[in-house]
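This report looks at a ligand site, the strands around it and some aromatic ring pairs. Please read it alongside the sequence and the model.

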Amino acid sequence: MEMEQLVALCKRRGFLFQSSEIYGGLNGFWDYGPLGVELKRNIREAWWRDMVTAHNELEVPSGAPSAYEMTGVDCTIIMHPQVWKCSGHYDLFHDMMQTCRQCKKLFRADHIGEMLKESEWVNSLATAMSFGPHDKLLKVDGAALMKWAKTKGKKVAPGLALVRKPEVTLSWLAEHVAKDPNTPLTIAELLQYIATEQLNVTGPQIPCPLCGGDLTEPREFNLMFETYTGAMRDDNNKTFLRPETAQGIFVNFKNVLDSTRVKIPFGIAQIGKSFRNEITPRNFTFRSREFEQMEIEFFCHPSTSHAWYKYWRDLRYKWYVDLGLASDRLRLRDHTKEELSHYSCGTADIEYAFPFLPPGEFGELEGVAHRGDFDLRSHMEGKLVHSGESLVVELDAEGKPRYRGSGKDLTYFDDQTREKYIPHVIEPSAGADRAALAYLCEAYSEDEAPDENGVPVKRVFLKFHPRLAPIKAAVFPLVKKDGMPEIAKEIYCSLKPHLNVFYDEKGAVGRRYRRQDEVGTPFCITVDGQTLQDGTVTIRDRDTLKQWRVKKEDCLSEIKERLKT
Ligand code: ATP
């Protein structure tokens with residue numbers, strides 16, 4: 001599937017629109033349309049139901065070390081600024097970014113390589129020079145480079161040094177090649193030479209993926225959106241839009257313990273918006289600046305934490321599989337030692353091979369992390385840093401905590417064993433928007449099906465799991481006469497209180513089926529001539545195109561039964 005086809009379908013059928021589109025859109029922000037909102041709600045509801053409300057604390061689930069309880073919270077987006085200072089987000093939550101000196105656009109340093117491969121001007125240059133992305137060049141054709149610079153290059157890469165000052169750039173290149181005529185030049189090296197105006201002063205430059213201009217050195221950039229609470233816009237009133245929902249759970253740990261009878265092990269779940277001022281939002285909704293997270297903080301005794309980590313990792317992976325993500329595009333990947341965050345004793349990512357990524361590459365859907373006692377300790381004692389093998393409170397020049405914790409006791413007292421300890425935490429942290437995007441990508445299907453006249457034509461359909469499908473069933477009268485609409489409306493009204501169903505009587509029935517296939521409606525119920533005689537209707541399956549008859553009174557039970565799969 002080409003990503004463009006899915007993006008076009010999402011817009012055409014009302015799944016996703018660019019935010020503020022009539023004003024030209026706002027980069028990194030997306031709106032869910034009438035069908036998208038249903039899809040995302042179904043994902044959220046499936047998650048909440050499967051993880052929280054349908055979880056049975058009286059039984060030991062398969063693979064779990066013991067029975068456990070689950071509960072939830074819904075916290076504010078803006079929290080006390082000290083939360084982010086103690087959690088480390090204030091000091092550590094940043095990306096390295098580079099700015100283009102020519103077009104002034106910002107880029108995340110670790111995204112530039114990938115963006116250059118996809119860049120319009122790099123591809124134009126590669127075509128003109130007839131080289132592939134992995135070729136090594138022994139000979140550089142200066143005349144062809146000059147020709148490209150003066151024609152195509154002017155349009156697609158106006159900031160590139162080769163375009164602005166071709167003679168200078170080509171002289172650096174010639175000098176380099178003359179120095180070492182037998183060593184081939186990589187494409188990356190060639191791109192750097194043609195992006196460099198003053199090699200002796202600056203060294204080789206990395207070009208801007210958009211205009212070819214030279215990029216500044218990487219600089220740190222904090223991803224948290226800032227705002228002010230109250231009338232005064234000074235540093236004392238500066239607050240942040242949360243970059244994750246997790247901290248709301250940690251700071252309410254004591255409240256939940258004191259207001260319920262939960263006992264360790266237990267988990268607290270939260271679904272809500274998070275905000276990150278991503279430098280290069282891209283790949284449709286994959287990297288947005290406003291997005292929704294579905295997070296669980298699971299509190300357990302340190303001695304069982306590894307077993308719980310494994311349990312959650314496997315359970316969360318299975319959740320995606322059960323809702324229809326095919327196993328070969330989905331994978332569970334354990335982080336290497338180098339990748340682990342400073343506090344984590346184990347992290348695994350659940351990843352999906354999104355079609356916009358190069359073959360063999362995967363994007364993160366969810367991270368499952370063993371966080372030890374880092375978070376609860378930070379909110380008790382203050383911001384923690386590593387000192388050898390252990391975590392200690394970071395001190396300022398005067399030997400005082402750099403960021404003071406709450407000072408509240410966030411330990412847990414087990415009244416049976418009489419043990420007091422700081423629980424360890426397992427955190428499955430998922431993104432609702434990335435899940436929605438993965439389910440959309442996975443659902444997109446094409447086949448051939450006969451049209452009204454029996455001629456096979458291409459059919460586009462979204463093969464959503466029935467639990468996720470925005471519309472569960474559509475009800476049609478075959479034709480708009482002979483009392484068929486009346487019966488169809490009766491069926492529709494009987495289903496409506498129970499399911500999101502859709503009524504349609506306009507146009508040829510084949511076209512109506514196709515419109516429902518295209519938005520992933522699993523079942524279509526049709527009232528036809530036979531209904532008038534024996535009171536039965538046809539039900540058509542979106543994926544197999546099979547049709548069968550049921551009594552019109554049995555539509556609800558039939559659809560409900562099939563939605564369970
Ligand atoms: P990435 O490495 O892709 O930036 P991350 O490791 O920073 O992601 P986490 O902090 O672990 O992400 O956040 C948990 C989940 O939140 C991610 O797995 C993802 O599903 C979602 N998420 C994070 N950032 C974004 C974003 N910018 N847009 C959409 N979803 C996001």
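Buried means under 20% relative accessible area, exposed over 50%, and partly exposed in between (1.4 Å probe, protein chains only). The model is predicted: local features need pLDDT of at least 70, side-chain atom pairs count only at pLDDT 80 or more, and totals for chains, interfaces and linings use all residues. Residues are numbered from 1 along each chain as its sequence is written, and side-chain values use heavy atoms, with hydrogens and water left out.

**Ligand site**

The ligand is surrounded by 15 residues (a heavy atom within 4 Å). Glu278, Arg287, Ser288, Glu364 and Leu365 are the closest. By class, the shell holds 4 nonpolar, 5 polar and 6 charged residues. Here Ala, Val, Leu, Ile, Met, Phe, Trp, Tyr, Cys and Pro count as nonpolar, Asp, Glu, Lys and Arg as charged, and the others, Gly among them, as polar.

| Residue | Protein atom | Ligand atom | Distance |
|---|---|---|---|
| Glutamate 278 | polar side-chain atom | nitrogen | 2.8 Å |
| Serine 288 | polar backbone atom | nitrogen | 2.8 Å |
| Glycine 431 | backbone N or O atom | oxygen | 3.1 Å |

On its own, the ligand has 590 Å² of accessible area (Shrake-Rupley method, 1.4 Å probe), and the protein covers 80% of this. Strand 12 (290-300), strand 15 (363-372) and strand 20 (424-431) each give two or more residues to the shell. Strands are DSSP runs of E, at least two residues, and helices are runs of H or I, at least four, numbered from the N terminus. Strand 15 gives the most, with 4 residues.

**Strand 20**

Is strand 20 enclosed or open? Of its 8 residues, 8 are buried, so strand 20 is largely enclosed by the rest of the structure. Strand 12 pairs with strand 20 in the antiparallel sense over 6 bridges (pairing needs at least two DSSP bridges). Methionine 294 stands opposite alanine 430 there. Strand 15 also runs antiparallel to strand 20, joined by 6 bridges. Glycine 367 has serine 429 as its bridge partner.

**Aromatic pairs**

There are 25 aromatic pairs (Phe, Tyr or six-membered Trp rings with centres within 6.5 Å; planes under 30 degrees apart are stacked, over 60 edge-to-face, the rest tilted). Tyrosine 90 and phenylalanine 240 have ring centres 5.8 Å apart and planes at 70 degrees, so they pair edge-to-face. Tyrosine 90 is partly exposed at 31% relative accessible area. Phenylalanine 240 is buried at 4%. Phenylalanine 266 and phenylalanine 299 sit 5.4 Å apart by ring centres, with planes at 40 degrees, so this pair is tilted. Both are buried.

Conventions: A polar contact is a pair of N or O atoms within 3.5 Å; within protein, one must be able to donate a hydrogen and the other to accept it, and residues adjacent in sequence count only if both atoms are side-chain atoms.
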